[in-house]
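Please examine the sequence and the model shown below.

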Amino acid sequence: MLATESPVNYLNVNTSVASWLFTKDHKRIAILYMVVVTIAFILGAIFAAGIRLELATPEGDLVSSDTYNKLFTMHGVAMVFFVLIPVVPAILGNFVLPLMLGAKDVAFPKLNLLSWYVFVIGFTFTIAAMVTGGVDTGWTFYPPYSTDGSNSNVVLAGLGVFITGFSSILTGLNFMVTIHRMRAPGLTWFRLPLFVWALYSTSLVMVLGTPVVAITVAMIAVERAFGLGFFDPRLGGDPVLFQHLFWFYSHPAVYIMILPPMGMISEVIACFSRKNVFGYSFVAFSSLAIAIFGFLVWAHHLFVAGISPYSAMVFSFLTYAVAVPSAVKTFNWTATLYRGAIWLKAPMIWVFGFLGLFLIGGLTGLFTAALGIDIHIHDTYFVVAHFHYIMVGGAIMGYFAGLHYYWPKITGRMYSDGAAKAAAMLVFAGFNMTFFPQFILGYLGMPRRYHMYPPEFAALNILSSAGATVLGLGYLLPMMYFTYSLFKGAKAGPNPWRATGLEWQTQSPPLPHNFAVQPVVTEGAYEYSKREIKVA
Amino acid sequence: MLAGIPLFPTQASTIASEVDNLYFFIVAVTAFFALLVVILVTFFAIKYRDDTGLKVGDPITGSIPLEIGWSLVPFIVAMGIFVWATTVYFHSIRPPDQTLEVYSTGKRWMWRFQHVDGHREINQLHIPLGRPIKVTFTSEDVLHDLYIPAFRVKADAIPGRYSSIWFTPTKTGEFHLFCAEYCGTRHSAMIGTVIVMEPDEYQAWLSGGGLTGSLSARGEQLFQQLACSTCHLSDGTGRGPSLAGVFGAQVTLQTGQRVLADAGYVRESILTPQMKVVNGFQPIMPTFQGLVTEEQLLSLIEYVKSLSANPAAGQQATTAAPAAPAAAPQGDRR
């Protein structure tokens, strides 16, 4: 494939700080995102540690109620808007999308850099809100508390979210145009890697949904600053209207978080099973189906907020409908393993972790969508456990699976396979220990966002806090072996996993413009079976 | 030590067992699918394992019948759960005709309850065993949520409108009452106790404590004080419509629209009288926004309700049987 390896790659072509800050290279922009997202993740994890430490005892003894409320709010804001939404599309998507398409870059490289700057400005506002006193509304900013009740930095934090939204819209737009216009010769839609289908579906949601939340958060800021009555009933507004607008974006946002990791899982499963993804077109279209149905289920967040029982019924029905494409994906991944040649390298272990946690997260959605049960478990720890299984168990595990898969491509170096497997297992165990007890706590009736709680909930909370310690250690491990790999890791070569896909046909780290010669595509994305010797 | 750790909530209302049966069914269904996938993945990963990374898998690209099968089966299972869950939901939100009424207002950070006989309590709710009870409530400031886990009921308290929950207690004892919608600093301290008593003990509790008259009597007093009675004459000759028999009936508005005169309508008519003017009357009523508290509004509503022919079931509670006042548990009654 490669005649000679060029000594110049995207990392060493120019090492000045300015060359990074003004780069138009999608691969460098991906690294820039990785830096900011990792900072946000560490911040969010520190807030989470504060929450779990406080909840280790029933009394509110470690921090004050106000501090506790700020901790869970800032944990949510940092993790949702600055980690979960950008983590896979902006880091792995930016890095591999043009490579997968056989393109030199995304369609609009300058716009791509602008997206990052907008993201950083939004993050700066949010950090400013945090260091100048914090914000205590919960990441959901529900009025009238957010507009009238809270004395914290709501406007500043809201502005941060508002600005960050534009980064998301621009990235979505850029990806859509890139996928339409930048595919290599012969790369038809049904030869695209499934990660590209997932990114396309995600971009649709980003472009169509994000403006709504930006407007909604802006309305909160305007109501708070100038007393315009959108949501506060004393000013003639309606607090439930906010919830409709907010969840019209924020439920589809769950799919922004989970669709790209799902796509990543398809890539890794195909590579380490060394065969085609089972039911390629069903997996591809299930991404689109999830993106579209995802816009029709928002009011299941309002089942106890005084909406009409009949609209609750309709939204419950639609929520069950969206469960089907997710089930289809899971069954197809399982079937992909059948008669494969399963190579249990570290990325695959992270995929198994994803499958286990996403399975629990998805299936517990059947409880929260059930009207009769949701009345009981709404706003309890059951919901907290459910969405952490989806967002951390799904999105973050999927990110780690993808990061371990593409690390050799990104850095040109290998990492310790054993350490990476140990980390995956530690994270899996720690995660379940942290969040499984919360399902039980939720069904027992422990409400979320509680600084103090009745003593009978103590044992399960202690177990959860202990699990969080294990989980934290699990996340520290990758930071250590990845750092070690950066300096001491073995050379990876262009294709250490012997994977299909155009991204593996260029050297690692790739050239500044990706390919020495324009690749031409002649077959589907996962034709492993054609390439090498058959299984005996 | 494990014995002391609760893993499952008490069932203390008629709806609780319905909710729990459905819960156990979904636990069984989800456990089945989870195990199925976990067993298959584990089995495949062991059976087809290849540590060399040099072999390749069979070129299996998919199967239309399988895709249809595993789309349809989850859909059918999901629809089964949907129908069952929706049935339970309608049971849990639709009270029977005859309920014992309790009114409540949430404010940061306490729950105040008003019984129809005039008893008031804070963060405590005394109720009798075995009778359907309906709590109608609102919030005086931000969003709250009245949640009684042992009864499996919950609804948001939303400023500017009324919500309600209903339940029939099936167990005596004390149960948690939580605020389940985040409301600021002391959200986790906005909790209380529901005390379910045997009917005779409840009667004893009712007869204890100094009362200032029933809730509707307080409403009637206000009705005079606020001069509502000067326009809303009971014979229908006043400048405002007579309120006799209005509650629970359909009212025709100037616009020709017909609306149900429920608690929300009465509240709206007092606070924003120009919004829904009754057909045949002039929009001359002034607003009482800021002049009446949420609790006073509830007493006015109870008074208007008492003017309807149908005697409210709640009134039965005031026919207190004589019993030893000493048996009454302490409550914050004023």
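In which sense do E6(B) and strand E7 (residues 153-157) of chain B pair, and over how many bridges?

## Basis of the model

This is a predicted model, in which local features need pLDDT of at least 70 and side-chain atom pairs count only at pLDDT 80 or more, while totals for chains, interfaces and linings use all residues. Residues are numbered from 1 along each chain as its sequence is written, and chains are lettered from A and ligands numbered from 1 in the order in which they are written.

## Strand E6 of chain B

E6(B) and E7(B) pair in the antiparallel sense over 5 bridges; pairing requires at least two DSSP bridges between two strands. B:Asp145 stands opposite B:Asp156 of E7(B). The two strands form a hairpin with 4 residues between them, and B:Arg152 in the turn has a positive phi of about 60°. E6(B) also pairs in the antiparallel sense with strand E9 (residues 173-179) of chain B, over 2 bridges, where B:Cys179 is the bridge partner of B:Leu146.

Because 5 of the 5 residues of E6(B) (residues 144-148) are buried, the strand is largely enclosed by the rest of the structure. A residue is buried if 20 or more other C-beta atoms, placed from the backbone, lie within 10 Å of its own. One side carries B:His144, B:Leu146 and B:Ile148, and the other B:Asp145 and B:Tyr147.

## Contact between the chains

The contact takes 83 residues from chain A and 75 residues from chain B, with residues in contact if their C-beta atoms, placed from the backbone, lie within 7 Å. On the side of chain A, helix H10 (residues 309-337) gives the largest share, 14 residues.

Terms used
Contact = placed C-beta atoms within 7 Å. Buried ≥ 20, exposed ≤ 12 C-beta atoms within 10 Å, placed from the backbone.
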